[in-house]
Amino acid sequence: MDGPRFNVLTTTAADLQRLLAENKTTSVQIVQRYFEQIDRHEPALNALISPAPRDKVLRAAAALDEERSRGSVRSAFHGIPIVLKDSFITASHLGMSTTAGSWAFVGASSTKNSTIAQLLIDAGLIIIGKANMTEFAGMKMTMMMPGWSSHGGQTLSPYVGKIEDNEALLGHSAPGGSSTGSAVAVAAGFSAVAMGTETIGSIVTPSTRAGLYALKLTRGALDGTGVYTMSEFFDSTGPMAKSSADVRLMTEILLKRNFDSANFGTWKGLSKDGCSLKYPAEMADVGKLTVDGEQAIMPIAYWEFRNVGIIRFIESFDQCPVRNAEDIVKFNKENSDKAMPAPYTEQNDLEKSLGCNDEPGKIEALRNGLRHVAQEIVDTAFDTQGVNIIVAPGDSSLCIHAAAAGYPIATAPIGQLRYNGRPFGMCILARANDEESLLRFMAAYEAVAAPRPVPNLS
């Protein structure tokens, strides 16, 4: 059985699951089709920092095919390939490294997967590779292009290609956000779905610039053991995909709960069926996100990176070449030719984190104060305007409100820029643990919107 030659650029994970259920293809055939696409376009796009060994992937796919033949299906995405951002630790026997984009972590090893990676494996998904990312999710050098890491190089947009000379960090040719490799992998047809992480905008920006649906889950909704986080206070994880249905099914797997898809009505218009709209929606500016007038976002991020995030990441390995942020800074200086190549010859953010010696009580006060202020701002916007979701452009500051409040935020594609074809989209904010409202909105929107933009890779 050769199976259908599905279009990797448009076929969703739900489409593949139907083909599998109808015995029209196998997981082995599906991963082979993605291998062909990776071979054809990965050299130009540089989305994968650590592809999985193909013999291991094929053995995993064959085993899942065997399970299916016996009537055993682990989840809605049994036998579906997925790409994980390089921040998710994968056990060394799987043959992929985990470096957060840094040369300092090359050689780190673990006998265990991160909790999320293990959850996905247990659900029958096949990790086909690790995605490149902005090194340390941006906690290295302030003016570093998103999607660049010293270990992985620069990931490019499958819609735009080469980044324009002298481009701004979030200029129109920039792929955008630290989860860029994950977004590009899905858009370019290297996998059906991907996982990213976000501090502030790291899922939202690359997914909207890759024409994807995506969701950053409520902070703390998942066990982050074995996942690199810049900041425990801000960071969360979430799926990226070509359809709202794929995001919903991934969210069900991740949260271990089922949403009633029958209630995700295909509305003929978002103002029908009791869905009231208010435009414009008003919300206090991000300049109000302070604690008694004191800036809190960056002090929290720097302090937590040095004292919490990087330490927990290192401790999740069985063996690791570095022990702390000081070791990373030292390694980069001693190996500057590869760790800090031109034009990224600095590590000013890493160095700045070393000076974060505030007492834990001071940082806890900033965390509590910022969370309270942010939730009060967002909840006031919801309550006074009688809405349960707020929508804004993908490049807006709404992701900052979401991060500070700890609330979930999703994305949906809208269209493409005329002059270079780069996609743009919207982001959608809801209250804590109200992923269902975001998923319902995405499904309703997708039912009436134009098809998501597909890259021309010819």
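1. Basis. The model is predicted; local features need pLDDT of at least 70 and side-chain atom pairs pLDDT 80 or more, while totals for chains, interfaces and linings use all residues. Numbering starts from 1 along each chain as its sequence is written, and side-chain values use heavy atoms, without hydrogens or water.

2. Cores. A nonpolar core here is a set of buried Ala, Val, Leu, Ile, Met, Phe, Trp, Tyr and Cys residues joined through side-chain atoms within 4.5 Å, where buried means under 20% relative accessible area with a 1.4 Å probe and protein chains only. The largest has 79 residues, and I82, L120, L125, M195, M250, L254 and I428 touch the most other members. Helix 2 (residues 27-45) gives this core its largest share, 7 residues. A separate second core of 58 residues includes A104, A301, F317 and C427.

3. Helices are DSSP runs (H or I, at least four residues), numbered from the N terminus. Beyond neighbours within four places in sequence, L254 has contacts (heavy atoms within 4.5 Å) with I116, L119, L120, M195, L217, L222 and P239. Just after the helix, K256 adopts a positive phi of about 55 degrees.

4. Helix pair. Helix 12 (residues 360-385) packs against helix 13 (residues 398-405) at about 125 degrees, with axes 7 Å apart; the axes are lines fitted to C-alpha atoms over the stretch in contact, and angles run from 0 to 180 degrees between N-to-C directions. On the helix 12 side, the residues involved include L370 and V378, and on the helix 13 side H401 and A405.

Terms used:
Buried < 20%, exposed > 50% of the residue type's maximum accessible area, 1.4 Å probe, protein only. Helix = DSSP H or I, 4+ residues; strand = E, 2+ residues; numbered from the N terminus.
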